[in-house]
Amino acid sequence: MELGISTSCFFPLETERALALLCGAQVGCTELFMNTMCETDAPFVDQLKEICDANGTRIVAFHPFTSGMEPLYFASSYPRRVADGIKLYRKLFACASRLGASIFTMHGDSRHNPVDFGYYCENFAALSRIARQDYGITLCQENVVRCKCGSVENILRMRRQLGDEVHFTLDVKQAVRSGEDLMEMIDAMGSAIAHLHISDHMPGEDCLPPGQGSMEYLPFFRRLVGKGFDGAIIIELYRHNFGELSDLLQAREFLRQQLQLAVKNTI
């Protein structure tokens with residue numbers, strides 16, 4: 001397992017500047033959050049790749065800013081929207097692939113969308129096959145509080161309907177915000193967890209740097225290891241949740257120690 005930091009932590013700092021900060025701090029792996037469409041243009045993508053190559057940093061995951069549009073594209077009863085959504089996401093998949101990412105995270109359907117959830121799952125599966133077969137990328141459904149897959153119930157429904165076609169990005173803060181038990185969310189996603197967004201929390205604070213809250217990491221990591229998880233663990237916070245880059249680096253070192261203890265005690 002790798003420990004990294006998402007460029008989204010620094011939003012609204014420009015994407016290339018956030019990436020350069022992490023690369024300059026010798027962060028070996030990162031998730032790239034793409035913030036607008038002009039950043040998918042080839043010269044800009046090449047610029048990002050050059051920043052990584054010059055510093056030995058790997059972009060392991062890609063998260064697009066288009067998450068809010070996904071209900072309109074992939075849970076729409078208007079077929080042309082679905083077709084256009086696939087065209088758009090092909091462009092994003094190509095961008096992610098060019099950067100070397102193997103994981104692509106999406107939020108999916110809104111909780112308030114009346115369109116049948118099973119229909120969204122069908123479209124997710126079609127998109128997943130395109131990502132895997134044409135771009136070598138694993139498409140991951142994230143548990144997000146404002147979306148249907150923020151609930152354990154719908155994660156289980158998605159797994160039952162799609163089987164091996166679905167993979168997940170587990171987001172700790174989103175599970176907390178959804179009022180879901182974190183261990184139950186891990187069990188629901190099971191062996192299909194491919195990526196992890198991690199943060200800490202305590203009563204009254206649902207998103208803190210790891211090590212600054214009351215989360216119990218050893219049982220959390222043991223449960224993940226028990227499900228066979230071996231993907232990247234990415235610190236993902238909002239800019240107001242930490243002070244300086246050094247806070248993120250300290251949190252990463254804390255996680256490294258906790259993970260080593262968990263793995264050692266699991267074997």
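In what sense do E4 and strand E5 (residues 138-142) pair, and over how many bridges?

Modeller: First, the ground rules: this is a predicted model, where local features need pLDDT of at least 70 and side-chain atom pairs count only at pLDDT 80 or more, while totals for chains, interfaces and linings use all residues. Residues are numbered from 1 along each chain as its sequence is written, and side-chain values use heavy atoms, with hydrogens and water left out.

Now, E4 and E5 run parallel, paired over 4 bridges; strands count as paired if DSSP finds at least two bridges between them. Strands (E, at least two residues) and helices (H or I, at least four) are DSSP runs, numbered from the N terminus. Across that pairing, Thr105 sits opposite Cys140 in E5. To get from E4 to E5 the chain goes through H5, a right-handed β-α-β crossover, meaning that with the strands pointing away from the viewer, the path from the first strand over the helix to the second runs clockwise.

E4 also pairs with strand E3 (residues 58-64), again in the parallel sense, over 2 bridges, and there Phe62 stands opposite Phe104.

In a regular strand, side chains alternate between the two faces of the sheet. Strand E4 (residues 103-106) is covered on both: Ile103 and Thr105 on one side, Phe104 and Met106 on the other, are all buried (under 20% relative accessible area, 1.4 Å probe, protein chains only; exposed is over 50%, partly exposed in between).

Phe62 turns up again in the largest nonpolar core, which has 77 residues, as one of those touching the most other members. Such a core is a set of buried Ala, Val, Leu, Ile, Met, Phe, Trp, Tyr and Cys residues joined through side-chain atoms within 4.5 Å. Helix H5 (residues 117-135) gives the most to this core, 8 residues.
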